[in-house]
Amino acid sequence: MNQLSVRGVSRTFTGTRGQTTQALLPIDFEVRENDFVTILGPSGCGKSTLLRIVAGLDYPTEGRVLLDGQTIEGPGADRGVVFQSYTLFPWLTIAQNIRFGLRERGMSEAEQKERSDFFIAKVGLRGFENHFPKQLSGGMQQRTAIARALANDPKILLLDEPFGALDNQTRVLMQELLLGIWESARKTVLFVTHDIDEAIFMANRVAVFSARPGRIKTEIPVDFPHPRHYTIKTSPEFMEIKARLTEEIRAESMAAAEL
Amino acid sequence: MDATPVMNSPKPVISAGPVASSSAPHRRRALAPLEPVSTRARWLLGLGFFVLFVVVWSFFTLGGFVSPTFLASPITMVKEGVLLFTQYNFIHDIGMTVWRVFGGFVLATVIAVPLGIAMGTWKSVEAFFEPFVSFCRYLPASAFIPLLILWAGIGEAQKLLVIFIGAVFQITLMVAVTVGSARRDLVEAAYTLGANSRGIVMRVLIPGAAPGIAETLRLVLGWAWTYVIVAELIGSSSGIGHMITDSQALLNTGQIIFGIIVIGVIGLISDFAFKALNRRLFAWSTL
């Protein structure tokens, strides 16, 4: 069943002097419940714009986005978002950050604690509950951000290049962590990235974006069984998909570079 | 996973200062740009200028280069200071001045901080108040003194109002700017976590701006001290400013200088206290 439906969504930005930039051509796109879909595209292609529209932080110029049949009008707790920049509240501890949405909902202290303890353990941050975000490394901060989004129990998890600022080793471990969480919890996930390995490794389907103005150029299924082990990254099947996506992305990156 | 947190607790930094300088004495480049200086050297240098200042002052006054009518020597100043406390109940003057500063300042804070937060949060509120407040900010508080005497007499209300006028517009504008420059990504994150407008204001904008607001208050408290003295110079029967005007009539420069120094010392103490309080309350912002 399709949980998320993007129907004819386009986005045009208007500059201060009235000039317009078309960021997204009309897009139709569906995500099934409990699916893990990555959106892969060169930088500046509008993939983040699409994610922000789904999150309700930006509005489509045309078209609409439906979540469980309901048109999205603005941001809400039913769509958890993890951003590329570190967006933990610096004045709150790790545990308080994770409880932010729960407190906003008026959940009881005991229940808040139970949930935050569960997700702190899940992202491997036990012992850091009372640290402030700035006392943690970038990877630990993003793990907290994931836990904060999951603690809210959203219908869909939206991630906008969440590991983009991390070093390569940390990034790979974070992918395995997120995939592990998905494999056990089966949340619907929409994950934006420009990293081909990342896109294939976690996803059941990769949607490739064109250069700006963005549209979905092609969708490639990734049929590796779950749970996945990191060693699949060196398998011939993985290499084959990677080669294909590399070609697709290369053409778009070149198109983008010529702009 | 990366299990070691990046800890930057301030503790080791403080103790590292003197240790580092004593372990590598031959590698010190004291005058290299941006080279840090040890805590001990910082204190010595800071104190050094005070000493130098007093030495130069003593040289000119005690050496007879300046007439004692116009400038008292440090020794006379200290003597006059003791007299002020023992004979003229100077502690009462100090108490009056301190209460005026804090009274006017607290009054201004109570009005300006909520108004500033509202202006920073809602752009329509800002558009309504900002031009007027910006205009008022440039009105010199001391120029209001004659008017305020007409309106409020020469009592305490007039003194408090001078401080109030001097502080309220400044605080309002600076708080509005601090709140308005909140990190947009944190606001967006809060929205996606289900926060409503009230949640954004109470749980993102205000806590995020709090250290900046506290810093603004610290700055403006410093300015309030200059306003209070001016307010006390005119139409007053108590306070440090009043003592200074009295001493001027008697050509007692020792007392005037002593009064000025007392103001400086109190200002310094309140500033230190404010800084320490801010560091304590907003430990997260200095991590």
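A:Thr14 lies opposite A:Thr20 of β2(A), where strands (E, at least two residues) and helices (H or I, at least four) are DSSP runs numbered from the N terminus. This is a predicted model, in which local features need pLDDT of at least 70, side-chain atom pairs count only at pLDDT 80 or more, and totals for chains, interfaces and linings use all residues. Residues are numbered from 1 along each chain as its sequence is written, while chains are lettered from A and ligands numbered from 1 in the order in which they are written.

Strand β1 (residues 2-14) of chain A runs antiparallel to β2(A), and nine bridges join the two. A:Asn2 faces A:Arg32 of β2(A). Five residues separate the strands of this hairpin, in which A:Gly18 adopts a positive phi near 85 degrees.

## The sheet

β1 and β2 belong to an open sheet of four strands in chain A, ordered β2-β1-β4-β5 with antiparallel pairing; two strands pair if DSSP finds at least two bridges between them. Its edges are β2 (20-32) and β5 (70-71) of chain A, each of which pairs on one side only.

## Confidence

Chain A has a mean pLDDT (the predictor's confidence in each residue, from 0 to 100) of 91, and 99% of its residues reach 70 or more. Among the elements of chain A, the highest mean, 95, belongs to helix α2 (residues 94-98), and the lowest, 88, to helix α8 (residues 236-257).

## Chain B

Chain B contains 11 helices and zero strands. Of its 287 residues, 33% are buried (20 or more other C-beta atoms within 10 Å of the residue's own, with C-beta atoms placed from the backbone). Among contacts (C-beta atoms, placed from the backbone, within 7 Å) in chain B between residues at least 6 apart in sequence, 70% join residues at least 24 apart.

The contact between the chains takes 32 residues from chain A and 20 residues from chain B. On the chain A side, the elements giving two or more residues are β6 (79-82), α3 (100-104), α5 (138-151) and α6 (168-185). That side divides into 15 nonpolar, 12 polar and five charged residues; Ala, Val, Leu, Ile, Met, Phe, Trp, Tyr, Cys and Pro count as nonpolar, Asp, Glu, Lys and Arg as charged, and the others, Gly among them, as polar.

Beyond its neighbours within four places in sequence, A:Leu40 contacts residues including A:Val206, A:Phe209 and A:Leu245.

How values were computed:
Two residues are in contact if their C-beta atoms, placed from the backbone, lie within 7 Å. A residue is buried if 20 or more other C-beta atoms lie within 10 Å of its own, exposed if 12 or fewer, and partly exposed in between; C-beta atoms are placed from the backbone.
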